[in-house]
Amino acid sequence: MSIWWSLHLRREAASVPLARRLLVGAMETAGVDPDVSYDLSLALSEACANAVEHGGDASTTDYRVTAFIDGDTCRIEVTDSGPGLPRGRHARTLAAHSARAPQPACQAPAHQARQPVTPRDTPLAEHGRGLFLIEELTDRVRYRNRSGRDGTVVSFDKILKWRDDAPFMAS
């Protein structure tokens, strides 16, 4: 069975928990495992927060969230009307996230001098962790510019696990 829904939301902070609650409700109704539902809802919150913060100027007032459940996979897309990603930016951003991940001291060679870690460089920093979280919580992430228009599309997939009593469980 396949289901999908799409929302057009205002670019304001109050839209983020609304999108999250709608996703959680849909996942619960469909019978998705609560842990998987939580991971998807957190990834969606981060993508929506990015669309609210970076998704355009004062003239762009909305963004779109679309979710598809097809068989045992859920795909979520968050589309904004901002300036889009500069060429190659998503590759550099992904490399920067993996390079920032702090390593335990026991993994550093003893002869290597430790570099100071600034709060902005850590996954616990207030800004800059959203893409990292989306990548860690989902199975596949794609970043692209909207074709023919300004804006960015962040889409991510997650393989679903189902509760035993799931009414929409994949066959």
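This is a short tour of helix α2 and the two helices packed against it. The model is predicted.

**Stop 1: the helix itself**

Select residues 34-54, which form helix α2. α2 has 21 residues. From its first C-alpha to its last it reaches 30 Å, close to the 30 Å expected at 1.5 Å a residue.

**Stop 2: its two ends**

Go to the start of α2 and show Asp33 and Asp35. A side-chain oxygen of Asp33 lies within 3.0 Å of the backbone nitrogen of Asp35. Now jump to the other end. Just after α2 sits Gly56, with a positive phi of about 150°.

**Stop 3: the partner α1**

Two packed helices are described by the angle between their axes and the distance between the axes. How do the axes of α1 and α2 cross? The crossing is right-handed.

Now show side chains. On α1, select Ser15, Val16, Ala19, Arg20, Leu23, Val24 and Met27. On α2, the contact includes Tyr38, Leu44, Cys48 and Val52. Which classes of residue make up this contact? There are 12 nonpolar, four polar and one charged residues.

An α-helix has 3.6 residues a turn, so residues three or four places apart point the same way.

**Stop 4: the partner α4**

Which hand does the crossing of α2 and α4 have? It is left-handed.

Select Asp39, Leu42, Ala43, Glu46, Ala47 and Asn50 on α2. They meet Gly130, Leu131, Leu133, Ile134 and Leu137 of α4. This contact has seven nonpolar, two polar and two charged residues.

**Last look**

Show α1, α2 and α4 together. α2 crosses α1 in a right-handed way, whereas its crossing with α4 is left-handed.

Methods:
Residues numbered from 1 in each chain as written. Predicted model: local features only at pLDDT ≥ 70, side-chain atom pairs only at ≥ 80, totals over all residues. Heavy atoms only, no water. Axes fitted to C-alpha atoms, helices over the stretch in contact; angles between N-to-C directions. Helix = DSSP H or I, 4+ residues; strand = E, 2+ residues; numbered from the N terminus. Left-handed = near helix turned anticlockwise from the far one by under 90°. Contact = heavy atoms within 4.5 Å. Nonpolar A, V, L, I, M, F, W, Y, C, P; charged D, E, K, R; others polar. Expected span 1.5 Å × (residues − 1). Polar contact = N/O pair within 3.5 Å; in protein donor to acceptor, adjacent residues only side chain to side chain.
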